[in-house]
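Thanks for coming. I will keep this short and talk through one model, part by part.

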Amino acid sequence: MDISKEKILKALATVEDPDLKKDLVTLGMIQDLQIGEDQTIKFKVVLTTPACPLKELIRMNCEEALKKAFGPDVQMEITMTSNVTTIRNDSPLLPEVKNIIAVASGKGGVGKSTCASNLAVSLARSGAKVGLIDADIFGPSVPTMFNVEGEQPAVKQENGKNIIQPIEQYGVKLMSIGFLTPAESAVVWRGPMASSALKQFIGDVEWGELDYLLIDLPPGTSDIHLTMVQTLPVTGAVIVTTPQKVALADATKALTMFKQAQINVPVLGVVENMAYFTPAELPDNKYYIFGQGGGRKLSEKYKTPFLGEIPLVQGIRESGDSGYPAVLKEGVIAEAFALFAENVARQVAIRNAEMTKTEVVQVKV
């Protein structure tokens with residue numbers, strides 16, 4: 001059998017990444033190509049995220065391309081690995097963070113922090129390095145959702161500056177005002193003080209190398225949102241909504257805020273939380289108590305991806321209260337959050353391949 005690296009690459013050049021619409025060779029995703037003494041073809045396929053939902057499809061397509069080129073008996077060893085893409089090269093702030101994702105809702109009570117927490121844990125479980133900033137200064141919920149209430153981050157001196165060590169739980173690095181203030185005490189601050197706290201969470205915390213840094217924003221479109229886009233070039237935003245009209249109205253405001261010309265942060269998509277109610281004893285039944293399809297219609301209206309539906313089930317509430325995110329459990333809930341995370345990772349990769357770098361916003365207010 002006449003096998004050469006040139007012929008192998010020619011065969012693999014017929015395999016396309018379904019999301020990026022280019023072949024694997026052009027994208028540089030075929031690496032460490034070797035031909036063994038027994039003519040075994042060995043190489044790595046370097047995906048754009050460990051959470052890639054198309055991993056097995058790409059592997060199968062590579063196998064079929066090589067069999068077509070060299071016959072059905074050709075031997076191969078394909079290693080599927082990943083390297084999360086970024087366009088945040090040479091960033092002066094958080095230079096080791098590849099992607100910064102804002103999670104916004106426009107209104108409270110739609111489960112934004114629940115979605116952000118489970119998104120973070122799901123991405124970490126896939127093998128990504130993940131951090132989560134709880135930017136809801138006045139209503140922090142991350143300490144409760146990660147079962148780290150009462151913990152306090154360590155502080156170290158570095159070049160005469162205090163550097164905060166984030167709390168780590170379930171493979172996610174965490175920072176929240178809830179770690180720095182008594183749980184029972186209200187944070188009564190004016191907007192500039194809250195904005196200053198967010199800047200500290202960004203610039204004075206030792207985040208290290210991260211594939212994804214999620215920022216769980218407070219409801220509305222306020223000082224915190226402006227501070228974020230004026231401080232960091234945000235890779236993209238995820239909009240969380242529930243199906244009913246009153247939630248969609250506020251989610252629309254959050255979505256259009258990011259799309260404003262002077263802000264111009266790409267919207268990665270919309271996720272619909274509490275999409276339907278499913279009782280534990282009737283897992284096949286779906287009751288659309290808040291309406292049906294509102295999140296999908298919102299995404300279609302603004303031509304943004306629809307990232308998934310999260311059901312309204314008792315287990316999600318219990319997981320939030322116990323501090324053990326639902327995605328860590330087996331079943332329908334975990335599958336829904338895992339699919340949501342895969343879609344977010346996919347949209348980040350597409351955004352990085354197709355769009356230019358997000359710029360820090362200059363907003364005059």
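This is a predicted model: local features need pLDDT of at least 70, side-chain atom pairs count only at pLDDT 80 or more; totals for chains, interfaces and linings use all residues.

First, the open sheet. It has three strands in the order β1-β2-β3, and the pairing is mixed. β1 and β3, the latter being residues 76–82, are the edge strands; each has a single partner strand, so one side of each has no neighbour in the sheet. On average, neighbouring strands here are turned by 10 degrees against each other, if direction is ignored. Between β2 and β3 the pairing is parallel and runs over seven bridges. For anyone who wants the background, strands of a sheet pair through backbone hydrogen bonds, either parallel or antiparallel.

Two helices go with this sheet. α1 lies across β1 and β2, at about 140 degrees to β1. α2 lies across β2 and β3, at about 150 degrees to β3.

Let me stay with α1, residues 5–12. Which of its residues are buried? They are Ile8, Ala11 and Leu12. These cover an arc of only 95 degrees around the axis, and that places them on the same side of α1. The face turned away from that buried side carries Glu6 and Lys10, which are exposed. As for what covers the buried residues of α1, the list includes β1 (30–35), β2 (41–47) and α2 (55–70).

Now to strand β4, residues 100–104.

Which strands does β4 pair with? One is β10, residues 212–216, which runs parallel to β4 and is joined to it by four bridges. There, isoleucine 100 has leucine 213 as its bridge partner. Another is β11, residues 236–241, also parallel to β4 and also joined by four bridges. In β11, the bridge partner of alanine 104 is isoleucine 239.

The UniProt entry, which is unreviewed, lists a "binding site" made up of Gly106, Lys107, Gly108, Gly109, Val110, Gly111, Lys112 and Ser113. I will take two of these.

Lysine 107 is in the loop between β4 and α3. Its relative accessibility is 24%, so lysine 107 counts as partly exposed. Beyond residues up to four places away in sequence, lysine 107 touches Pro219, Gly220, Val246, Ala247 and Asp250.

Valine 110 is in the loop between β4 and α3 as well. Is valine 110 buried or exposed? At 2% relative accessibility, it counts as buried. Leaving out neighbours within four places in sequence, valine 110 contacts Ser105, Val240, Thr241, Thr242, Ala247, Asn273 and Met274.

Last, helix α3, residues 112–125. It has 14 residues and reaches 20 Å from first C-alpha to last, close to the 20 Å expected at 1.5 Å a residue. Of the 14 residues of α3, 13 are buried, so the helix is largely enclosed by the rest of the structure. After α3 comes glycine 127, with a positive phi near 115 degrees.

That is the end of my part.

Key
Residues are numbered from 1 along each chain as its sequence is written. Side-chain values use heavy atoms; hydrogens and water are left out. The expected span of a helix is 1.5 Å times one less than its number of residues. Buried means under 20% relative accessible area, exposed over 50%, partly exposed in between (1.4 Å probe, protein chains only). Two strands pair if DSSP finds at least two bridges between them. The arc is that of the directions from the helix axis to the C-beta atoms. Contact means heavy atoms within 4.5 Å. UniProt positions are given in the numbering used here, feature names are shortened, and annotations may be inferred rather than shown by experiment. Axes are lines fitted to C-alpha atoms, for helices over the stretch in contact, and angles run from 0 to 180 degrees between N-to-C directions.
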